[in-house]
Amino acid sequence: MTNRAFLKDRLTVLRLERREAQQGTLRTGDAAELAGLLADPRLARAAARDRRRTAVPRGLLRERFARFPIADDQIAPTRLGNAVRRFEEYGWDRYRLDTQLLWNELTGCVPDQIRRQSELARASVDFFVALLSGHVAVALAAALALAAGSRPDRLALVSTLVVLTLLVPVWYRSAVTTTDEWAAAVRALVNTGRKPLAASLGLALPQTLAAERAMWTMVSRLSRIPYHERAAALDPYRAEPTTDPA
């Protein structure tokens with residue numbers, strides 16, 4: 001079981017138990033789901049700890065779960081990779097808008113303030129990643145120097161190695177945490193930028209979400225190649241041409 005799946009099950013147990021406390025009894029399906037989850041000894045132990053937690057630690061559980069991508073096939077092997085991947089896929093998961101492919105077009109359409117928010121949030125994450133990488137490099141250099149043999153500055157090297165080794169997980173956790181602001185900025189960029197993006201492409205945003213998802217799916221596919229014989233499929237979404245007054 002992946003960490004994401006385990007966190008999801010823990011949150012489901014909390015939700016069902018809260019509903020049971022409020023309503024007195026659960027529906028048959030919910031009761032069976034709760035019993036099935038608690039049949040797992042590892043999950044039952046975690047649920048027992050979660051029951052003793054206050055609202056703040058439970059909120060932190062939801063934050064940890066929110067740092068995973070929605071789709072299981074997008075799960076990365078590291079916490080930082082998952083924290084970044086979740087908002088890289090936001091546009092696709094919500095609107096079928098491939099923001100990785102259309103990033104330049106999208107950022108060129110949004111207001112400067114929203115674009116700057118995304119850039120500043122990314123800079124914060126880059127800062128901690130740079131600290132992490134720099135400290136790892138210095139710690140490795142100190143370890144190699146110690147392995148080279150007896151040195152008069154051995155105490156300084158050992159102190160450097162110990163301190164930097166202790167700081168590396170701090171910078172890593174800080175990088176993961178600061179992705180929350182970056183994720184919020186990207187969500188705002190996608191939510192507010194997709195309408196001007198459609199207009200800049202000569203398209204009109206459909207009235208329904210299903211139609212919008214179909215439109216962005218075609219746009220994303222057609223953007224990967226210079227021309228496609230099925231490009232005419234976008235014709236129903238084209239905006240009415242405007243003429244400048246004489």
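This report covers helix packing, nonpolar cores and selected residues in a predicted model.

## Basis of the model

Local features need pLDDT of at least 70, side-chain atom pairs count only at pLDDT 80 or more, and totals for chains, interfaces and linings use all residues. Residues are numbered from 1 along each chain as its sequence is written, and side-chain values use heavy atoms, with hydrogens and water left out.

## Helix H1 against H2

Helices here are DSSP runs (H or I, at least four residues), numbered from the N terminus. Helix H1 spans residues 3-23 and helix H2 spans residues 28-38. Their axes come within 10 Å and cross at roughly 135 degrees. That makes H1 oblique to H2. Axes are lines fitted to C-alpha atoms over the stretch in contact, and angles run from 0 to 180 degrees between N-to-C directions. Angles under 35 degrees count as roughly parallel, over 145 as roughly antiparallel, 65 to 115 as roughly perpendicular and the rest as oblique.

The crossing of H1 with H2 is left-handed. Left-handed means that the near helix is turned anticlockwise from the far one by less than a right angle; clockwise gives right-handed. From H1, the contact uses Asp 9, Thr 12, Val 13, Leu 16, Glu 17, Arg 19 and Glu 20. They meet Asp 30, Glu 33, Leu 34, Leu 37 and Leu 38 in H2. Contact means heavy atoms within 4.5 Å. By class, the residues are 5 nonpolar, 1 polar and 6 charged. Ala, Val, Leu, Ile, Met, Phe, Trp, Tyr, Cys and Pro count as nonpolar, Asp, Glu, Lys and Arg as charged, and the others, Gly among them, as polar.

## Helix H1 against H3

H1 also packs on helix H3, residues 41-51. The angle is about 55 degrees and the axes are 10 Å apart. H1 and H3 are therefore oblique to each other. Their crossing is right-handed. Phe 6, Asp 9, Arg 10, Val 13, Leu 14 and Glu 17 of H1 meet Arg 42, Leu 43, Ala 46, Ala 47, Asp 50 and Arg 51 of H3. This contact divides into 6 nonpolar, no polar and 6 charged residues.

Asp 9 of H1 takes part in the contact with H2 and in the contact with H3. Asp 9 is buried, at 18% relative accessible area. Buried means under 20%, exposed over 50%, and partly exposed in between (1.4 Å probe, protein chains only). Asp 9 and Leu 61 are 52 residues apart in sequence and 11 Å apart in space, C-alpha to C-alpha.

## Helix H5 against H9

H5 and H9 pack at about 0 degrees, with axes 9 Å apart. They are therefore roughly parallel to each other. H5 contributes Arg 79, Leu 80, Ala 83, Val 84, Arg 86 and Phe 87. Residues from H9 include Tyr 172, Val 176, Trp 182 and Val 186. The contact has 10 nonpolar, 1 polar and 4 charged residues.

## Nonpolar cores

A nonpolar core is a set of buried Ala, Val, Leu, Ile, Met, Phe, Trp, Tyr and Cys residues joined through side-chain atoms within 4.5 Å. The largest has 33 residues. Leu 97, Trp 182, Val 190, Met 215, Trp 216 and Val 219 touch the most other members. Helices H5 (79-88), H6, H8 (112-147), H9 (154-200) and H10 (209-222) each give two or more residues. The largest share, 11 residues, comes from H9. A second, separate core of 9 residues includes Phe 6, Val 13, Leu 16 and Leu 43.

Not counting residues up to four places away in sequence, Trp 216 touches Tyr 95, Arg 96, Leu 97, Arg 194, Leu 197, Ala 198, Leu 201 and Leu 205. Ser 118 lies in H8. Ser 118 is buried, with 5% relative accessible area. Leaving aside neighbours within four places, Ser 118 contacts Trp 103, Trp 182, Ala 185, Val 186 and Leu 189.

Arg 96 sits in the loop between H6 (90-95) and H7 (103-107). Its phi is near 60 degrees, a positive value in a residue other than glycine. Arg 96 is partly exposed, at 24%.

Ala 199 of H9 counts as exposed, at 53%. Arg 224 lies in the segment after H10. Arg 224 is exposed too, at 52%. Arg 224 touches Asp 98 and Leu 101, not counting residues up to four places away in sequence.
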